[in-house]
Amino acid sequence: MMPDLGKYALVVLASYGVSLTLIVALVWASWRRGVRLRRDLSRVEARRNGGPR
Amino acid sequence: MSLWEYANPKKFMDLSSAVSPWAAGAAVLCLVVGLVWGFFLTPDDYRQGSTVKIIYLHVPAALMAINAWLMMLVASLIWLVRRHHVSALAARAAAPVGLTFTMITLVTGAFWGQPMWGTWWAWDPRLTSFLILALFYLGYIALWAAIEDGDSAADLTSVLCLVGSVFALLSRYAVLFWNQGLHQGASLSLDAKENVADVFYFPLLVCIAGFVLLFVTLVLIRTRSEIMARRLKALLARERMG
């Protein structure tokens, strides 16, 4: 159940909203870059080893 | 077995591949438990009202913003002394994580300061040193991006990291030797009498554990990416040369 934040509801919720958004964006960007690099590296290594182009 | 064995990229990739899923799971668990506990199950403070709930984000983020830079300092020193590429890449990987934690600290501090101090911002020693730390993070990231040669970039950013460490330490200790600021003293101390009340203290510890584990997870993932990017760049250069 949502606690009663009283007159400070806006600043408390904004703090959580901004912080969690920044964390999720950082995690997503870090994970996404890892996936993209792994795919690109696999493709180049396969090409070097005479695999499919 | 020596710690330096993990300076070998292959060994680091094997170790980080095994560790990062566990670190990620533990980070999510601690963050969910700590934030739900802190937000839903703790009372308001008798002076600060419900704004005390901001402590579960503000304090762990501030702690890790400083510690991220100190981790970068250690990694930079290892690079400068022993020339291990993985340590330079780990420092590079940690910078955006540290910057994000610094931004969270500044934003939540502003949201907390407005109702308590009547202002979003004050040129208080701790606030100002954190702003300078954020600028150092931006400069560090920009310097890595601006220099094409990886080893030269690692050298110059390591020197910048050494200089920035002064501000990281200043951010940590500013409240102790500058008393004229608005910012209160440290919320956590080895002296139990100086800590926040137990009802806030224990969920705060869980949140701090969550932020530490999140940092470890992200640095592992991002260092792996940096190693892959470096190898990809080398392979493509070799291909171009024929």
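These legends go with a handful of close-up views of a predicted model.

**View 1. Where chain B meets chain A.** Let's start with the contact between the two chains. Chain B brings 37 residues to it, and chain A brings 30 residues. Together they bury about 3100 Å², with 74% of that area coming from carbon and sulfur atoms. Look for B:Phe39, B:Met228 and B:Leu232: this trio supplies 18% of the area that chain B buries against chain A, more than any other three residues. If you're wondering about the unit, the size of an interface is often given as the accessible area lost when the parts come together.

**View 2. Polar links across the interface, and the chain B side.** Six residue pairs are in polar contact across the interface of chain B and chain A. On the chain B side, helices α1, α2, α3 and α6 each put at least two residues up against chain A. The largest share belongs to α6(B), with 15 residues. Sorted by class, the chain B residues that touch chain A come out as 23 nonpolar, seven polar and seven charged.

**View 3. Salt bridges between the chains.** Side chains of opposite charge can pair when their charged atoms come close. Over all chains, the structure holds eight salt bridges, and three salt bridges lie across the interface of chain B and chain A. In one pairing, B:Glu226 meets A:Arg33, with 3.0 Å from N to O. That link runs from helix α6 of chain B over to helix α1 (residues 9–48) of chain A. In another, A:Arg47 pairs up with B:Glu239, and here the closest N and O atoms sit 2.9 Å apart.

**View 4. The second largest pocket.** Now for some open space: this pocket holds about 550 Å³. It has 21 lining residues, and the closest to the pocket's centre are B:Phe12, B:Met71, B:Val86, B:Ser87 and B:Ala90.

View 5. Which helices of chain B each supply at least two residues of the lining of the second largest pocket? They are α1 (9–40), α2 (55–82), α3 (85–117) and α6 (198–241). Helix α6(B) gives the largest share of this lining, five residues.

Technical notes
Residues numbered from 1 in each chain as written. Chains lettered and ligands numbered in written order. Predicted model: local features only at pLDDT ≥ 70, side-chain atom pairs only at ≥ 80, totals over all residues. Heavy atoms only, no water. 1 Å grid on protein atoms, 1.4 Å probe; cavity = no way out; pocket = protein on both sides within 12 Å on 5 of 7 lines; lining within 4 Å. Points joined across faces, edges and corners; volume = space filled by probe spheres on them. Helix = DSSP H or I, 4+ residues; strand = E, 2+ residues; numbered from the N terminus. Contact = heavy atoms within 4.5 Å. Buried area = accessible area lost by both parts, 1.4 Å probe. Salt bridge = Lys/Arg side-chain N within 4 Å of Asp/Glu carboxyl O. Polar contact = N/O pair within 3.5 Å; in protein donor to acceptor, adjacent residues only side chain to side chain. Nonpolar A, V, L, I, M, F, W, Y, C, P; charged D, E, K, R; others polar.
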